[in-house]
Amino acid sequence: MHMIGNVSIYLALLLSIYAFIAFVLGIKKQDQRLIDSGKGATMGIFILASISMTLMFYLLGSSQLQFQYVYQYSSTDLPIIYKLAALWAGNAGSLLLWTFFLAMYSAMVAFSKKMKRNPMTPYIVSILMLNVIFFYLILSFVTQPFTLMDGIPPEGRGLNPMLQDPGMIFHPVTLYLGYVGLAVPFAFAIASLIVKNMDAFWIQMTRRWTIIAWGFLTLGNVIGGYWAYMELGWGGYWAWDPVENASFMPWLTVTAYLHSVMIQERKNMLKIWNLSLIILSYSLTLFGTFLVRSGVLTSVHAFGETNLGAYFLVFMAFMVLLSMYVLMSRYHLIKQDTGQFESFVSKESSFLVNNLIILGATFAVFWGTVFPLVSEAVTGTKVTVGVPFFNTVMSPILLALLFIMAICPLIAWQRSSLKNIRDNFLIPAIISLVIAGVVVAMGIRDAYPVIAFAIISFMVLTHLVEFIRGTKARRKVTKEAYPVALVRLMVRSRRRYGGYIVHLGIALIAFGIVGSNFDIERMETLRIGESMEIDRYTLTYEALDQRSDGVNDVVYASLLLEQDGENLGYIQPERMFYLNWEEPSTEVAVRSTLREDLYVVLSAWEEDQRATFQVKVNPLVKWIWIGSYVLIIGAIFAIWGGRYGQVSPRYAGPERKVH
Amino acid sequence: MIGRLLIIMVLMLIVTVPAMAQGNYDRNSPEFRENTSQFMCLCGCGQDHFECNMEGCGLNEQFKTEILEMMNEDGYDKNDIKEHYVSMYGEVILTAPEKSGFSLTAWVTPFVLLAGAGGGIIYLIRKWVRKSKQLMKPDPTDELEDETEREILHSLIDEERKKHF
């Protein structure tokens, strides 16, 4: 086993170096045999990565404790699903997963039907190979997944209880699929620069890739938020932790990119900008990995202090310098924009403003994340940059972004007239102001939530107007019934309407986020039979019991829940005690409705059965998760194939003998 | 006489203000939350002292008890409590940097940059629009049409054209 594991890693390293050399030589000598050989090696790497992964799953599943990684992150009593999920609990395993995805994507590009006979393919795969080589170097010499222990320990150290959650199964995998996915558009961009193909081919070709990567990044962040909300017991879903920020930054830059590429496709402008955005997004994925693995900043998500971060920093610097060199060497070819801007008030302008705000948000997150280091370096003073900073700085920026999202869909390309603005925005603006008035009448006096609710309403309404006008416009030509016209309108313009569904999802998420800031919290110590009240709820503490869950013990309290005098049944917050872990974990009891979440934590108890409960009412939180579903549905709708799905772009760049 | 009475009243007010501030706060008071959440828990939980519920956190309970004592017995307000802990632990104890000295740059830099970049974009668009106007004269009939519908129709036609050709 040990031999197979190590051979699969070392052989893959050799093959990746070989593939890179074969591609470079093949391109230089214009020898198709070398290119084919490189492609074969790429497939070989994917097969070897699959073997490594399968083997690691087997070792974890069958608790082969003689392997250091299995010993460190697993134990015999773990449920099988968490034994397997332990693969990405530590540095070596998670980097193996990353490498596997990278190898898979590389093979998919190398053998893509759409890229068959395309001269860019060898360039793209060789850039991906550079990444593969780096990861295999790390797996071979820095953090080896298949290291054997001196002896066979009787039991493993187990998996951190906080990681024993369904979130552990999906959050890292989706996040990595997103991170690694961004390497593909990056490779396409650099390849297109190298072959001097300056049109929008690389953008069109990678549109699906990018949206899929963006969708996975979104999913990874949302699942992470839900996991934190349910598992950590502090009632929050986002803490602006450096590691959370690290995954949020590439999400923001890719979002900016997905908008600005429309200007390049339509107007043949912003080529340098789009290239820079994809380079930045890719670099931020490496920067995020550096943050997680270096221990340079304190984070609850970090893998602990290792020297891995330094390697990522060096690799990131290398890739950024390489990209900048290629970009600058082709600057004379891409600086000439042929498109035109006809007016300040146009869709093009609003996309630019959208990019400005998103990049501003990215910088604010970056600046807040690294400021503790900056402050210490400049003044020697240690500071903490936490939630209040990010909430204060990000709120106006994100509100401005929501506002731009509201007006952008209804502003025409080229230029918008006053009549256009009045026709499209007057009614939504009036209704939004009325909603703001209602919010004030409900007793909310703070400026931010009132403005936020008004902007969110405005955004939803302008999008509805867009759907209505689109349907009407289609009916004028086709005379179809309204529902048919709406469905066909959407299906035949998936990208546009998929994007709008995503916007609606963002609006719902924003609605939930703003609402959740009005949380109420109480902490009470109760005797059996005593009650506490919070908002409209009455909780009566009835019993404190214990049960077994496998080898673990669970202490749980039963509370009778009533709302405005109506019996809602029982709610049972828990504390779980693990056989193989010192600290117990909190199992929150949540009663979730569209209006609010009742969130109950069993904090402590005494021998006489007095128990302390932390109870929260978190308004509108469910809308965050609903909005996330809508967002993902929108992304899937936008990339879905079918008759009216994606059209393969035609390559019109320089031809080569090899492909 | 009136002047003396006023002085006595002012003096009484001065004497009684701290006593009035010494309230009967408990852990469910909003003031307690406000005061506690301005400090970062240093146990590694990544949360502020109000939210920290980390098992075995040796700091949090002591902090909460001390803050409640300061509020109830010493009549400390938010700033007094902040100063107390900052003098003990330094700025790192705060959940956000101070809005003074070098730490102020944390707050203003993103907005300064945004403003600068915003100015740059306005300049750029103006340049492009001017260039574009020089190249072609506007068609006055354009403004009479409904631009959104025209744009939607154009995009539909564009999509259809792509599918068929």
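**View 1. Salt bridges across the interface of chain B and chain A.** In this predicted model, the rule finds two salt bridges across the interface of chain B and chain A. One of them joins the side chains of B:Arg33 and A:Asp519, with a separation of 2.8 Å from N to O.

**View 2. Polar contacts and the elements on the side of chain B that touches chain A.** Eight residue pairs are found in polar contact across the interface of chain B and chain A, both residues of each pair being at pLDDT 80 or more. On the side of chain B that touches chain A, the elements giving two or more residues are helix H5 (104-135) and helix H6 (147-164) of chain B. H5(B) provides the largest share of this side, with 20 residues. By residue class, the side of chain B that touches chain A comprises 26 nonpolar, 13 polar and 18 charged residues.

**View 3. Extent of the interface of chain B and chain A.** Contacts link 57 residues of chain B with 77 residues of chain A. Between them, chain B and chain A bury about 5,800 Å². Carbon and sulfur atoms account for 62% of this buried area.

**View 4. Residues 104-125 of chain B, listed by UniProt as "transmembrane region".** The annotation comes from an unreviewed UniProt entry. In the predicted model, residues 104-125 of chain B are 100% helix and 0% strand. The C-alpha atoms at the ends of this stretch lie 32 Å apart. Helix H5 of chain B, which spans 104-135, is one of the elements that give two or more residues to the side touching chain A.

Methods. Residues numbered from 1 in each chain as written. Chains lettered and ligands numbered in written order. Predicted model: local features only at pLDDT ≥ 70, side-chain atom pairs only at ≥ 80, totals over all residues. Heavy atoms only, no water. Contact = heavy atoms within 4.5 Å. Buried area = accessible area lost by both parts, 1.4 Å probe. Salt bridge = Lys/Arg side-chain N within 4 Å of Asp/Glu carboxyl O. Polar contact = N/O pair within 3.5 Å; in protein donor to acceptor, adjacent residues only side chain to side chain. Helix = DSSP H or I, 4+ residues; strand = E, 2+ residues; numbered from the N terminus. Nonpolar A, V, L, I, M, F, W, Y, C, P; charged D, E, K, R; others polar. UniProt positions renumbered as here; feature names shortened; annotations may be inferred.
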